[in-house]
Amino acid sequence: MEDRKMRALLNQLDDDLVIQEFDKLMEGVEIDMDSIHKKAHQKLRKHNRATKLKRRKRYSYVAAACLCLIGVTGVYASDISETIKSFMTKTSVYDTVVDGDAYYLKDKQVLNSDITVESVIVSNGNLEMTISTQADRAFEDLGEIEIIPQDGSNTIYYPGGYGGEKDNLFLHFMNKTEGNYNIQPFQYFKLVIGENSYDLSLEKAKALDLDGQIYTAKSDLIDGVNLAASIADGKGKTNIQLVSSFADEHLQLIRFGQPIQTKVIEKFEDRGAEGTIGSSTGSSAEALYVVDGASNKQHKLEIPKNAKGRPVTNFETSALEGKDLTLTVPAIIATSNQKYEPLTLNIPTNGEVMLNKEIDFSEQKAVLKKMKRLSATSAELEFELNTGENKYIDLRSFNFYSPDIKKMSAEFNGNQATMTMEFHKEIEISEFQMSNPSFVMNGNWTIDLKR
């Protein structure tokens with residue numbers, strides 16, 4: 001079945017017609033599906049009798065049956081809608097959702113009288129940890145920090161970035177062995193902090209629950225981005241879990257919502273033996289709201305207190321249980337881990353030179369307009385952003401790195417970007433690598449949470 005037909009099916013059909021289309025989906029399957037087919041129909045009919053509602057936008061039971069099909073044979077997996085499959089690979093861990101398998105620290109671990117590991121998440125391409133200290137110690141005071149998986153890979157991870165407030169430190173790790181963000185999930189590891197080491201173990205996180213009702217989003221502006229939501233009722237209020245998936249496997253969610261700050265300032269410095277340091281403007285987003293269909297009252301999506309995991313996808317609201325709600329997500333912030341061809345540039349001896357070199361980040365484009373020599377060891381670059389055809393996706397920022405750079409400051413603002421860089425020594429040519437572009441995707445998604 002074509003993805004276009006499946007989308008139409010999931011978003012438009014009455015419950016009774018879902019059964020008929022489910023029959024069509026199973027056509028051509030040459031294995032014995034009688035048991036799966038019968039159970040799926042029984043569950044669907046039972047659910048329909050209980051709710052007695054019309055024109056629901058749901059697909060959980062079709063997805064459950066398709067999942068059974070995938071478990072029996074991979075031969076017919078291509079017949080299953082990409083829309084459904086995009087959510088089947090998700091894993092729910094703490095207050096976030098990740099792609100593929102993930103492991104997490106179930107309970108906080110007290111290492112000594114001073115340091116406690118509050119949380120750990122590891123998944124494909126991501127490793128993060130939160131620690132707390134009794135003495136409100138700075139990151140630099142803790143000594144060298146390393147995570148060494150006990151899986152025979154001889155890989156070492158170390159903090160590539162950190163942040164936090166008061167006595168909590170959030171650490172984001174990178175692959176020290178390879179010098180990149182190639183991170184593979186693991187369960188057992190040795191944590192090194194300063195002169196001490198600790199053996200810790202993680203729990204495997206459960207796959208995203210597709211056995212309940214999932215509401216899909218509608219957007220006529222951007223293709224290849226699927227948003228969905230599920231509802232969890234608790235203490236008389238409504239909690240909402242948002243999920244995103246991308247047709248482009250390189251894209252990853254940073255945050256739901258429109259960024260509060262349009263200007264992005266990034267700084268980088270190579271301190272030699274001391275390592276590198278960098279900073280960037282935060283990606284805080286404007287608040288999201290659900291609207292009660294009966295009272296037209298807005299309810300803000302609040303991040304839970306002491307939420308764990310990034311990006312946060314679980315939210316609390318003041319909306320009462322059982323209400324029909326509508327959620328609008330005007331935009332999301334996403335990044336890409338795609339590898340791009342390096343750019344070799346001749347540094348002008350003096351003055352400036354027009355370049356007009358196009359950079360294609362797949363989702364959006366930019367043009368390196370010109371380069372100006374500022375001094376014997378410094379230069380300035382000017383870019384024009386958002387030169388691609390997709391007017392609903394804005395290029396927010398990107399990394400522009402060369403081993404020749406000692407220090408760099410970049411400012412992204414609207415459709416313009418300026419980078420000022422200082423080199424280790426006077427050079428005439430250098431190779432630059434672009435990476436990790438971030439995008440604002442203005443899809444204006446609407447999710448009808450009608451129960």
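Biologist: Which residues form the aromatic cluster?

Modeller: Tyr340, Phe361, Phe383, Phe398, Phe400, Phe412 and Phe432 make up one cluster. Keep in mind that this is a predicted model.

Biologist: And how many aromatic pairs does the structure hold?

Modeller: Eleven aromatic pairs. Take Tyr340 and Phe361: the ring centres are 5.2 Å apart and the planes sit at 80 degrees, so that pair is edge-to-face.

Biologist: Where do Tyr340 and Phe361 lie?

Modeller: Tyr340 is in the loop between strands S23 and S24, and Phe361 is in the loop between S25 and S26, so the pair ties together parts 21 residues apart in sequence.

Biologist: Are Phe361 and Phe398 buried or exposed?

Modeller: Both are buried. Their ring centres are 5.0 Å apart with planes at 35 degrees, so this pair counts as tilted. Phe398 lies in strand S28, and Phe361 in the S25-S26 loop, so this pair links parts 37 residues apart in sequence.

Biologist: Switching to charges: which residue lies over the face of Phe170?

Modeller: Arg310, at 4.9 Å from the ring centre. Lys176 lies over the face of Tyr158 too, at 5.8 Å from the ring centre.

Biologist: Last one, Tyr198. Why does Tyr198 count as buried?

Modeller: Because its relative accessibility is 16%, and the cut-off for buried is under 20%. Tyr198 lies in strand S11.

Biologist: What does the side chain of Tyr198 make a polar contact with?

Modeller: The side chain of Asn112, at 3.1 Å. Tyr198 also touches other residues, including Leu111 and Phe189.

Notes. Residues are numbered from 1 along each chain as its sequence is written. This is a predicted model: local features need pLDDT of at least 70, side-chain atom pairs count only at pLDDT 80 or more; totals for chains, interfaces and linings use all residues. Side-chain values use heavy atoms; hydrogens and water are left out. Helices (H or I, at least four residues) and strands (E, at least two) are DSSP runs, numbered from the N terminus. Buried means under 20% relative accessible area, exposed over 50%, partly exposed in between (1.4 Å probe, protein chains only). Contact means heavy atoms within 4.5 Å. A polar contact is a pair of N or O atoms within 3.5 Å; within protein, one must be able to donate a hydrogen and the other to accept it, and residues adjacent in sequence count only if both atoms are side-chain atoms. Rings of Phe, Tyr and Trp (its six-membered ring) pair if their centres lie within 6.5 Å; planes under 30 degrees apart count as stacked, over 60 as edge-to-face and the rest as tilted. A charge sits over a ring if NZ of Lys or CZ of Arg is within 6 Å of the ring centre and within 35 degrees of the ring normal. Lists of a residue's contacts leave out its neighbours within four places in sequence.
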